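Subject: Structure handover

Hello,

Here is the structure you were to receive, with notes on what was found in it. Please read the notes with the model open.

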Amino acid sequence: MFDQAQLTQLKQQFKGLEKASSDTFFKQKNVIKQVLAGKSVNCLNCQQPLAFYRQGKSVEGGEICCAKGCTSIALDFES
Ligand SMILES: [Zn+2]
């Protein structure tokens with residue numbers, strides 16, 4: 001059995017491992033939400049405003065990107 005201190009330590013190690021990827025995922029989700037809500041969000045790299053570009057006319061998808069293209073988040077509303 002683990003005691004409480006060991007358990008906490010284990011959890012923190014796990015968090016450390018997963019932090020990098022979940023951080024990015026969480027940030028992207030946040031950015032998507034804000035841009036779609038009409039708020040202005042700047043690219044983390046170039047500080048240019050991010051914009052939403054719809055793909056085609058009826059396709060339920062699109063892309064959020066900045067003017068320089070260093071941020072590009074593909075969206076698929078079907079999933
Ligand atoms: Zn950029």
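Before the rest, two remarks on conventions. This is a predicted model, in which local features need pLDDT of at least 70 and side-chain atom pairs count only at pLDDT 80 or more, while totals for chains, interfaces and linings use all residues. Residues are numbered from 1 along each chain as its sequence is written.

Overall layout

The protein chain has one helix and three strands, and from the N terminus on its elements run α-β-β-β. Helices (H or I, at least four residues) and strands (E, at least two) are DSSP runs, numbered from the N terminus. Buried residues make up 4% of the 79 residues in the chain. A residue counts as buried if 20 or more other C-beta atoms lie within 10 Å of its own, as exposed if 12 or fewer do, and as partly exposed in between, with C-beta atoms placed from the backbone. Of the contacts with a separation of 6 or more, 21% are accounted for by residues 24 or more positions apart; a contact means that the C-beta atoms of two residues, placed from the backbone, lie within 7 Å.

The sheet

The three strands form an open sheet in the order S1-S2-S3, with antiparallel pairing. Strand S1 (51-54) and strand S3 (72-76) are the edge strands, each pairing on one side only. From one strand to the next the twist averages 25 degrees, with axes taken as lines fitted to C-alpha atoms (for helices over the stretch in contact) and angles running from 0 to 180 degrees between N-to-C directions. Two strands pair if DSSP finds at least two bridges between them.

S1 and S2 are joined by four bridges, and Ala51 has Cys65 as its bridge partner in S2. Strand S2 (residues 61-65) pairs with S3 over five bridges. Among the residues facing each other there, Ile64 has Ile73 as its bridge partner, and Gly62 stands opposite Leu75. S2 and S3 form a hairpin with six residues between them, and Gly69 in the turn has a positive phi of about 90 degrees. S3 lies largely in the open, because the number of buried residues among its five is zero.

Gln47 lies in the loop between helix H1 (4-36) and S1. Gln47 has a positive phi of about 65 degrees although it is not a glycine. Is this residue buried or exposed? Gln47 is exposed, because 9 other C-beta atoms lie within 10 Å. Gln47 and Lys68 are 21 residues apart in sequence, and their C-alpha atoms are 9.8 Å apart in space.

Regards
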